[in-house]
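Subject: Structure handover and findings

Hello,

Here is the structure I promised to pass on.

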Amino acid sequence: MVHTKGLLDISPSEEGDARHVRFPGELSESVSMIDFKNDRLKLFSVQAGNMDTPEGEALIKSFDGDTPFTKLVVYSHNDSAAWKKLGFEHEGVIKGYFRDGGAAHLWARYSEDARGEEVDTLDLDEIVTLAGAKDIEEPSIPQEISTRLATEVDADRLAALLNHTFDEYPKELTGESIRKMILSLRAVYRVAMTGDGSIVACAAVELDLGNRNGEVTECATHEDYQGQGLMAYLIRELEHDIKNRFSITDLYSTARAHEVGMNMVLAKLGYEYTGRQINNCRMPRGWESMNIWCRSTA
């Protein structure tokens, strides 16, 4: 049994899943996401003062002890210096994350020094600089390519394209998992197709209906069709989809920090760089840092 001093009880059968749980005591309003695949624990809507309690102290103590987590991330309404006193570092901001329109300040703490060290910071900063210098452009695609909303019938083909693109991904990518996301309205997917019906690109917005925001994610283009503007076009369409259907206008995305292409796509669509999450999740290169990009379509 893995546990954090009585605050969380997690059975081994849950490993590999991302599970949401609610804390007791002073942290009762806080929801956590337990993510074994990426060795991290996320806390949402937590204020620094609530961590200066017996429950908060126990959580931090257990995090520094014998736990499977090497990264603890807090999504906080504030950017108080109190977080630094608790050993957290400010990694970025997600604008419009909370339902009241407030930004989520992302504070991170590492139980292993290596997890919090970024060795290629200058190179990654240069990619952000190059992307930020791009002018905003409205995307277009070749006439022979069409796009549409994906349905649960497309789930297996979406999974095949995503797994073809990514040798490693932060979460499960199967036809069944994607089908559940679509049917439960937890995500909206779009696809780009050739004349014979082949799916050659896809993108999604994962919905947080409670907080009224969306995360642009699961972006993949088959290598034979890259460089044709398909991804930018799909994202722009998804922005309209969720605005018209759910009235959600605050979006963000986390792009692989070393990957020039996706950072360029987001910058040219008008997304703003708002920080970088260090060694945040497992991707094809191992632990990878992720750049945060935000946009409001209001």
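Below are the conventions, then the findings, from the whole chain down to one side chain.

This is a predicted model, so local features need pLDDT of at least 70 and side-chain atom pairs count only at pLDDT 80 or more, while totals for chains, interfaces and linings use all residues. Residues are numbered from 1 along each chain as its sequence is written, and side-chain values use heavy atoms, with hydrogens and water left out.

Whole chain

The protein chain has eight helices and 15 strands. Both are DSSP runs numbered from the N terminus: H or I over at least four residues for helices, E over at least two for strands. Of the 298 residues, 50% are buried (under 20% relative accessible area, 1.4 Å probe, protein chains only; exposed is over 50%, partly exposed in between). The accessible surface comes to about 13700 Å² (Shrake-Rupley method, 1.4 Å probe; for residues, only the protein chains shown count as cover). Carbon and sulfur atoms hold 47% of that surface. Take the contacts (heavy atoms within 4.5 Å) between residues at least 6 apart in sequence: 63% of them join residues at least 24 apart.

β5 spans residues 40-44, and five of its five residues are buried. Both faces are covered. Arg40, Lys42 and Phe44 sit on one side, with Leu41 and Leu43 on the other. β5 pairs with β6 (residues 71-76) in the parallel sense, over five bridges. Pairing requires at least two DSSP bridges between two strands. Leu41 has Leu72 of β6 as its bridge partner.

Strands β14 and β15

β14 covers residues 272-283 and is mostly covered, with nine of its 12 residues buried. Its pairing with β15 (residues 286-296) is antiparallel, over eight bridges. The two strands form a hairpin, with two residues between them. Tyr273 stands opposite Trp293 in β15.

Asp241

Asp241 lies in helix α7, residues 230-246. Asp241 is buried, at 15% relative accessible area. Which residues does Asp241 contact, leaving aside neighbours within four places in sequence? They are Leu149 and Arg190. The side chains of Asp241 and Arg190 also make a polar contact at 2.6 Å. That term means a pair of N or O atoms within 3.5 Å; within protein, one must be able to donate a hydrogen and the other to accept it, and residues adjacent in sequence count only if both atoms are side-chain atoms.

Best regards
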